[in-house]
Amino acid sequence: MSAYRVAPGANVDLATAQTLPAIADYSRTALLAMLAERVQRFAELQQMLYAESRQALLLIFQGMDAAGKDSTIKHVTTGVNPQGFRVTNFRAPTYQDIEHSYLRRHWLALPERGHIGIFNRSHYEEVVTVRVHPKLLDNRKLPSRSVDEAFWNERMEDIVAFERHLVRNGTAVAKFFLNISKKEQKARLLERVSNRKKHWKFDLADLQARRRWKQYRSAYEAALQATSTAEAPWYIVPADGKPAMRVIVASIIVETLSRMNPSYPEPDASLKAEIEAMQKSFGG
């Protein structure tokens with residue numbers, strides 16, 4: 001899946017990045033089979049990670065509205081032991097959040113050892129949405145200073161340092177930008193309006209954000225370019241075809257977990273003795 005990975009320091013141009021991968025031509029049946037195979041392997045690796053309890057994995061999902069973050073998280077985790085992962089949806093910060101650094105609420109939601117944490121939106125909203133709408137900084141209680149290029153660069157430096165700290169302390173990080181085209185986004189937003197079962201997903205803010213498409217794209221390009229590192233890489237995943245997108249995301253998760261190489265812990269001497277005693281008592 002290296003084709004989707006953003007190399008450290010690489011220039012990012014979302015206008016020319018793929019929104020539909022080659023495997024989108026595969027039949028739905030074939031894609032579902034591919035996803036099932038990868039989810040099964042995901043579940044096996046997650047079980048070993050849970051048993052080992054020495055490492056953790058953080059998966060971050062970002063993208064334009066209607067890119068498919070919710071459904072992708074749902075489909076790639078179906079069949080995975082729910083005791084071993086937690087999904088956190090980050091919305092606008094509360095008045096309590098504002099009393100602290102913007103990274104604090106994300107820090108508090110990090111996965112413990114042996115677990116997988118999934119952030120549906122994340123600390124990257126602070127260098128994307130807030131960058132597009134700098135007025136949001138007015139109520140953040142920050143020291144007075146110019147909100148210039150240096151301000152945003154410093155924030156991204158802090159994010160890189162935050163993620164590097166996680167990796168150094170046993171939490172692997174993989175970040176997914178679901179890259180949807182403006183045309184496909186329009187179709188999905190219209191479906192939310194026309195399909196009564198999807199009315200609950202409709203938010204007027206999505207239409208307002210769509211009017212600032214180029215500004216959001218530019219903010220994402222700057223963030224992906226500055227914060228994709230060897231330790232915590234970004235993956236730009238084509239999002240116009242949901243079944244294909246889910247296969248790619250599941251493949252990257254499996255690759256990431258495989259590199260972590262979790263294993264079932266070996267019992268110590270006392271536990272081995274207890275197991276042998278039990279086997280003998282049962283005639284084993």
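Colleague: Which residues does Thr-129 touch, not counting those up to four places away in sequence?
Modeller: This is a predicted model. With sequence neighbours up to four places away set aside, Thr-129 touches Leu-136 and Tyr-216.

Colleague: Is Thr-129 buried or exposed?
Modeller: Thr-129 belongs to helix H4, which covers residues 129-132. The cut-off for a buried residue is under 20% relative accessible area. Thr-129 has a relative accessibility of 18%, so Thr-129 counts as buried.

Colleague: With which side chain does the side chain of Arg-131 make a polar contact?
Modeller: Arg-131 is also found in helix H4. Setting aside residues up to four places away in sequence, Arg-131 touches Glu-149, Trp-152, Met-156, Ala-219 and Ala-222. At 3.0 Å, the polar contact of the Arg-131 side chain is with the side chain of Glu-149.

Colleague: Where is Trp-213 placed, and is it buried or exposed?
Modeller: Trp-213 lies in helix H8, residues 213-227. Beyond its neighbours within four places in sequence, Trp-213 is in contact with Met-64, Ile-180, Ser-181, Lys-182 and Gln-185. Its relative accessibility is 8%, and therefore Trp-213, in helix H8, counts as buried.

Colleague: How far apart in space are Ser-101 and Leu-142, C-alpha to C-alpha?
Modeller: Ser-101 sits in the loop between S2 and helix H3 (104-108). Its relative accessibility is 46%, so Ser-101 counts as partly exposed. In sequence, Ser-101 and Leu-142 are 41 residues apart; in space, their C-alpha atoms are apart by 9.2 Å.

Colleague: Which residues of helix H2 are buried?
Modeller: Helix H2 spans residues 69-77. What covers its buried residues includes helix H1 (28-52), strand S1 (56-63), strand S2 (85-89), strand S3 (116-120), strand S4 (171-179) and helix H9 (242-260). The buried residues of H2 are Lys-69, Ser-71, Thr-72, Ile-73, Val-76 and Thr-77.

Colleague: Which residue just after H2 takes a positive phi?
Modeller: The phi angle is about 100 degrees. The residue that takes it, just after H2, is Gly-79.

Colleague: How many helices and strands does the protein chain have, and what share of its residues is buried?
Modeller: The protein chain has ten helices and five strands. Of its 284 residues, the buried ones make up 47%.

Colleague: What is the radius of gyration of the protein chain?
Modeller: The C-alpha atoms fill a box of roughly 75 × 50 × 40 Å along the principal axes. A compact globule of 284 residues would have a radius of gyration near 19 Å, and the value for the protein chain agrees with this because it is 21 Å.

Colleague: Among contacts in the protein chain between residues at least 6 apart in sequence, what share joins residues at least 24 apart?
Modeller: The contacts counted are those between residues at least 6 apart in sequence. The share that joins residues at least 24 apart is 82%.

Colleague: How far apart are the mean positions of the positive and negative charges of the protein chain?
Modeller: The protein chain has 41 positive and 31 negative charges. The distance between their mean positions is 6 Å.

Definitions and conventions
Residues are numbered from 1 along each chain as its sequence is written. This is a predicted model: local features need pLDDT of at least 70, side-chain atom pairs count only at pLDDT 80 or more; totals for chains, interfaces and linings use all residues. Side-chain values use heavy atoms; hydrogens and water are left out. Helices (H or I, at least four residues) and strands (E, at least two) are DSSP runs, numbered from the N terminus. The radius of gyration is taken over C-alpha atoms; the globule rule is 2.2 Å times the number of residues to the power 0.38. Buried means under 20% relative accessible area, exposed over 50%, partly exposed in between (1.4 Å probe, protein chains only). Contact means heavy atoms within 4.5 Å. Lys and Arg count as positive and Asp and Glu as negative; His and the chain ends are not counted. The place of a charge is taken as NZ of Lys, CZ of Arg, CG of Asp or CD of Glu. A polar contact is a pair of N or O atoms within 3.5 Å; within protein, one must be able to donate a hydrogen and the other to accept it, and residues adjacent in sequence count only if both atoms are side-chain atoms.
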